[in-house]
There are 2 protein chains.
Amino acid sequence: MPPSSDPSQLFEAARNGDRVALARLLSLVERGGEPSRAVAGLAFKSPGNAYSVGITGAPGAGKSTLTDRLIAQGRALGFNGGKTMAVLAVDPSSPFSGGAILGDRVRMQGHALDDGVFIRSMATRGHLGGLAVAVPDAVRVLSAAGMPMVLVETVGVGQQEVEVAAATDTTMVVVNPGWGDAIQANKAGLLEIADLFVINKADRPGAQQTRRDLEQMLDLTELSGPGAWRAPIVDTVASTGEGIDALWAAIGRHRQHQIQQGTLEAQRRERLEREFRQILVARVVQEIDGAVADGRFTEVHSAMVDGDLDPYQAADRLLAGIMDVNPDPPAAP
Amino acid sequence: MPPSSDPSQLFEAARNGDRVALARLLSLVERGGEPSRAVAGLAFKSPGNAYSVGITGAPGAGKSTLTDRLIAQGRALGFNGGKTMAVLAVDPSSPFSGGAILGDRVRMQGHALDDGVFIRSMATRGHLGGLAVAVPDAVRVLSAAGMPMVLVETVGVGQQEVEVAAATDTTMVVVNPGWGDAIQANKAGLLEIADLFVINKADRPGAQQTRRDLEQMLDLTELSGPGAWRAPIVDTVASTGEGIDALWAAIGRHRQHQIQQGTLEAQRRERLEREFRQILVARVVQEIDGAVADGRFTEVHSAMVDGDLDPYQAADRLLAGIMDVNPDPPAAP
């Protein structure tokens, strides 16, 4: 039987363990458009139980090697009731060229022949809302397909990547002794999203200083109260496997903490709301761009180019024509 | 007479050389809201003739020292019919914390007592559309106030900063021998926006290799045709002033090229259109966020949280209630 391209059929097949169907579903999600929406809708209505872990840090920090080690750990010990592992390796496009930056996926190929490991790269293609929406959709699809754990690894620490990595149940930020410019430039952002820090290549000089720096920053930003979580700092040498047991245990402790505090569901709901807002904005932008491309706004546009309307006036003029935010829309079915 | 806070009065004073009034106008622009719109509108209607130069590159590349040297050059030699120099030093907020990253402004203080130099830091405050809209507004205000040249320097190479630096007449990308992670992560984006490359600290090892790398990348992306501009690569040692004459000349050549090819006005118009779209999107987001905060969308929202609508369906439901993009809006006055 030739493989179907119908989202519902693919979805059923993926739920029954068909990895080819699962890969196709993720391709549909990545490409965006109607089929992507259909897939996302199916996954939303049949949620699984995957626990998601984001891995971010500067290029060269050793994220791929760490991911590789975590895969082995999950295969051996299991997590969240299962021993299969899914990985989304996120390569954002450049903001200008649309070209994807390729991460080093080579090390993960050691698991390529293992049926219990599902690895997938994702870039921004045509997906409405970009990676910030496509990746949560993809995680939901993997969850619906029965994956107990999904690792989401980003190439770098760009704003998009940080947002994507933060949209997971446990977010780990990987640094190296001495840090680097790329981390420094976004230190506050990384500090805010980190559920745990990994000092990888901790056998290099400067690891202790880096730990002190991180502790100091955490002291400054620490939340008080009995339910607060302070991000632990774990030393690893991913190339030798040193510290991986401790890292694995720290992920488990963070999950336990969330479950005990009842914050896991609340945080997932918050992320859903952010996702919804992103879809909403992307849809509006799509409508506006479509209308501009159709030449429907030519009068206002000409007036602006001629200098008769400033861009704010031109925007107001257009919005007066297209938006009415007063009424509550019709009730849900 | 106490200083006015009325945009029109401040604007007239700034056009008559009042630097305090000019600083206040830029504060209004930075803060956003109605006064900012008024200022932007006045500047749009009384355009000056400033030539804008964007300076971007990784933290530590030496952008502030280069800016300092360019200020001295402009003061001595003049540019675009004048010898005053304006600098906007752009510090974007972290995407998460709202805290501004502070650049090294110390070196520029050498010009602090010079009346012919106007230096101003800008962060994202409440401005609708963020720096991508606030900075072009600020450049327009400086232009209306009679500045012949405006340097726009960013702290790093984040997406926002790259966009801001690219929204100028000549965009220079500053690298160092060996490049760095921060540049690597956004190489394609930087290549696309660069009108000229500066290899600063060119007395360090690796400068020749960096030049070869850049030339090779430019070979791969070079446009053909008689009107095409190939970004020149200028070696500098900003700390000693070496290469600054060549850099200054390269900026002048790029400007001449644009004037001769007739592309200067076309590119400014394109930037205005991008700015307009950003304002439009920001306004729509503002409307949506306002409506969400008011609880006007509670039914749809609850249906999504309860799992009855997926986020795409919820977005569609809302948009059906608030948008109508079909009609061309009323004609301009």
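Reply: Helix 2 of chain A passes helix 5 of chain A in a right-handed crossing. In this predicted model, helix 2 covers residues 19–31 and helix 5 covers residues 131–144, and the two pack at an angle of about 160° with their axes 10 Å apart. Because angles over 145 degrees count as roughly antiparallel, that value makes helix 2 of chain A roughly antiparallel to helix 5 of chain A. On the side of helix 2 of chain A, the contact is formed by Leu22(A), Leu25(A), Leu26(A) and Val29(A). Helix 5 of chain A contributes Ala134(A), Asp137(A), Ala138(A), Val141(A) and Leu142(A). By class, the residues of this contact divide into eight nonpolar, no polar and one charged.

Pro7(A), Ser8(A) and Phe11(A) of helix 1 of chain A make the contact with Pro35(A), Ala38(A), Val39(A), Leu42(A) and Ala43(A) of helix 3 of chain A. Seven of the residues in the contact of helix 1 of chain A with helix 3 of chain A are nonpolar, one is polar and none is charged.

Helix 1 of chain A, residues 7–15, also holds Ala13(A). With 23% relative accessibility, Ala13(A) counts as partly exposed. Once its neighbours within four places in sequence are set aside, Ala13(A) is in contact with Asp18(A) and Ala21(A). Between Ala13(A) and Glu215(A) there are 47 Å in space, C-alpha to C-alpha, and the two are 202 residues apart in sequence.

Of the contacts in chain A between residues at least 6 apart in sequence, 74% join residues at least 24 apart.

In chain B, helix 5 (residues 131–144) packs against helix 6 (residues 159–166) at an angle of about 30°, with the axes 9 Å apart. Angles under 35 degrees count as roughly parallel, and helix 5 of chain B and helix 6 of chain B are therefore roughly parallel to each other. Helix 5 of chain B passes helix 6 of chain B in a right-handed crossing. Leu131(B), Ala132(B) and Val135(B) of helix 5 of chain B meet Gln160(B), Glu163(B) and Val164(B) of helix 6 of chain B. Four nonpolar residues, one polar and one charged make up the contact of helix 5 of chain B with helix 6 of chain B.

Turning to the aromatic residues, a search of the whole structure finds four aromatic pairs over all chains. One of them joins Tyr51(A) and Phe79(A), which form a tilted pair at 5.6 Å centre to centre, with 50° between the planes. Tyr51(A) lies in strand 1 (residues 51–57) of chain A and Phe79(A) in the loop between helix 4 (63–77) and strand 2 (85–91) of chain A, so the pair ties together parts that are 28 residues apart in sequence. Both Tyr51(A) and Phe79(A) are buried. In chain B, Phe79(B) and Trp248(B) form an edge-to-face pair, with 5.5 Å centre to centre and 75° between the planes. This pair links distant parts of the chain, 169 residues apart: Phe79(B) is in the loop between helix 4 (63–77) and strand 2 (85–91) of chain B, and Trp248(B) is in helix 10 (residues 244–261) of chain B. Phe79(B) and Trp248(B) are both buried. In chain A, Tyr51(A), Phe79(A) and Trp248(A) form one aromatic cluster.

A backbone detail concerns Lys201(A), whose phi is near 60°, a positive value in a residue other than glycine. Lys201(A) is placed in the loop between strand 6 (196–200) and helix 9 (207–221) of chain A, and at 21% relative accessibility Lys201(A) counts as partly exposed. For Lys201(B), phi is likewise near 60°, a positive value in a residue other than glycine. The loop that holds Lys201(B) runs between strand 6 (196–199) and helix 9 (207–221) of chain B, and Lys201(B), at 21% relative accessibility, counts as partly exposed.

How values were computed. Residues numbered from 1 in each chain as written. Chains lettered and ligands numbered in written order. Predicted model: local features only at pLDDT ≥ 70, side-chain atom pairs only at ≥ 80, totals over all residues. Heavy atoms only, no water. Phe/Tyr/Trp six-rings, centres within 6.5 Å; stacked < 30°, edge-to-face > 60°. Helix = DSSP H or I, 4+ residues; strand = E, 2+ residues; numbered from the N terminus. Buried < 20%, exposed > 50% of the residue type's maximum accessible area, 1.4 Å probe, protein only. Axes fitted to C-alpha atoms, helices over the stretch in contact; angles between N-to-C directions. Parallel < 35°, antiparallel > 145°, perpendicular 65-115°, else oblique. Left-handed = near helix turned anticlockwise from the far one by under 90°. Contact = heavy atoms within 4.5 Å. Nonpolar A, V, L, I, M, F, W, Y, C, P; charged D, E, K, R; others polar.
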